[in-house]
Amino acid sequence: MTSPARVVALATLGAVHRGADLPDAIARSRARLADERDRALVAAVVTGVLRWRAALDHAIAGLVSRPLERLDPEVLDALRLGVFQLQHLTRVPPRAVLNDTVESVRRAGKSSATGLVNAVLRRVASGQAPPLPPRPGGPVTARDDAALDYLSVSLSHPRWLSARWLERHGFEAAERWATFDNEPAPLTLRVNTLATTTDDLAAELAAMNVSTRRARYAPDALVVESGQPLGLPPAAGGRFVVQDEASQLVAHFCAVRPGERVLDACAAPGGKTTALAAAMSDRGTIVASDLRPRRVGLLRDAVRAAGARSVAIVRADASRHLPFARVFDCVLIDAPCSGLGTLRRDPEIRWRRQETDLLEYGARQRRMLDRAAEVVRPGGRLVYATCSSEPDENEDVVEAFLSARADFERRPKTVHPWVGTPHEALLTDRGDLQTLPHRHGLEAFFAAMLVRADGW
């Protein structure tokens, strides 16, 4: 009997290639499967294929007689799924992988390709796949082809992105970064301090057989070590949300205080908005805005679940003039970006983005920063943030903004509230927040705090 999980996995991978978000595609696949083990297998193999795609393609390319671009997309996806299972899932019998992969290709209406799929997988199963590019043994230069082959194929990252990391950070750091991206990400919770405390939530979850530990940097973060907290009463009661630790640090970096007026200009799905409300003890005013109705709906749900009464939700386009006066003590512009800092959690992004995309993102981010600056009061703070690893969307955007706006200046590190705390290690010499996988063990996030001069 063919495993339904493998049939669904092929369809799920196809949906991602057609543009679906990976979490949404996996969620839809779960609805098609009754057995939790099948659901887990789909999530594991689809995520694994997207994570290791370059290495899998290297193996397949060495065993077929035509360029991969000329293979039917569904057949290529089936081969990737099969090779991933054979090379990475040691508890899955090779015979089951071969039989189910061939059958899934047949069910997809590609019967003419079953012979090819069977032959390739048999050769992989018998150890005939070509070896991966080895790790360079000697000194590595910034444009070393052997190092780029290793990073881009063996560690499965885009070559253009590998070249950028190699040039900026060196080989050892680029290798650690790529290795970090290929590991499963932990489940991280942000405690809703409007509803409970970190210690109380940890104890409540422990009583339900969910083991957690405090995160290293984010003060309200718990990392799940075992057990499944989703679906338990603390989740339904809004006492925590799932939020990456580096993402939590952005709201913390804003240093908001009770009683302030705050604008979160790209607020959906609401994680940072509700974190800001908690940091202000729900006292003051937070205007949370986003553009698309579906995202505004997500934002509204998040605010309601958190019980944050200080938040007003507005639908607005942050790339145009905002419908507010210059009254905000703090404006957070968590700009839409390439997402290249989150490749561990979203492995499909590494294959969707192109280097040329960065120019377009940077231009849009600059427009948003200009619009957000218009509503910061004299002496107020403008916080610009992304989940990108690349300077084109981070430092370069900030520098371009500051070169044109004499009324703003970077808040120097010497007066940042984090100086003297464990978080100081996350600040650059300029006072920006920058988390790096190879250095901090966190996703790559960036934030800069810009202060408007008095009298403007």
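Reply: A disulfide is defined here as a pair of cysteine sulfur atoms within 2.5 Å. This is a predicted model, in which local features need pLDDT of at least 70 and side-chain atom pairs count only at pLDDT 80 or more, while totals for chains, interfaces and linings use all residues. Residues are numbered from 1 along each chain as its sequence is written, and side-chain values use heavy atoms, with hydrogens and water left out.

By the disulfide criterion, the structure holds zero disulfides. Cys 254 is in none, and the nearest cysteine sulfur, that of Cys 330, is 4.5 Å away. Seen from Cys 330, the closest cysteine sulfur is the one in Cys 254, and the 4.5 Å between them is too far for a bond. A residue is called buried under 20% relative accessible area, exposed over 50% and partly exposed in between, with a 1.4 Å probe and protein chains only. Cys 254 is buried, at a relative accessible area of 0%, and Cys 330 is likewise buried, at 0%.

The account now turns to the nonpolar interior. A nonpolar core is a set of buried Ala, Val, Leu, Ile, Met, Phe, Trp, Tyr and Cys residues joined through side-chain atoms within 4.5 Å. The largest such core has 40 residues, of which Val 46 and Leu 79 touch the most other members. Helices (H or I, at least four residues) and strands (E, at least two) are DSSP runs, numbered from the N terminus. The elements giving two or more residues to the core are α1 (4-17), α2 (22-31), α3, α4, α5 (73-88), α6 (94-107) and α7 (114-125). Helix α5 provides the largest share, seven residues. Contact means heavy atoms within 4.5 Å. Leaving aside neighbours within four places in sequence, Leu 79 is in contact with Ile 60, Leu 71, Val 117, Val 120 and Leu 121. Apart from this core lies another, of 37 residues, among them Val 223, Ala 288, Leu 426 and Leu 433.

Helix α3 (residues 36-51) also holds Thr 47. This threonine is buried, with a relative accessible area of 15%. Not counting residues up to four places away in sequence, Thr 47 touches Leu 22, Ile 26 and Pro 347.

Two packed helices are described by the angle between their axes and the distance between the axes. Axes are lines fitted to C-alpha atoms, for helices over the stretch in contact, and angles run from 0 to 180 degrees between N-to-C directions. The axes of α4 (residues 53-61) and α8 (residues 145-154) come within 6 Å and cross at roughly 100°. From α4 the contact draws on Ala 54, Ala 55 and His 58, and from α8 on Ser 152, Val 153 and Ser 154. Ala, Val, Leu, Ile, Met, Phe, Trp, Tyr, Cys and Pro count as nonpolar, Asp, Glu, Lys and Arg as charged, and the others, Gly among them, as polar. By class, the contact has three nonpolar, three polar and no charged residues.

Pro 158 itself lies in the loop between α8 and α9 (159-169), and counts as buried at 7% relative accessibility. Although Pro 158 and Glu 355 are 197 residues apart along the chain, their C-alpha atoms are separated by 9.7 Å.

Eight of the 11 residues of α10 (residues 171-181) are buried, so the helix is largely enclosed by the rest of the structure. The buried ones are Phe 171, Ala 173, Ala 174, Glu 175, Trp 177, Ala 178, Phe 180 and Asp 181. Their cover includes α3, α8, α9, α16 (349-352) and α19 (437-440).

For contrast, Asn 209 is exposed, at a relative accessible area of 66%. This asparagine lies in the loop between α11 (198-206) and β2 (211-214).
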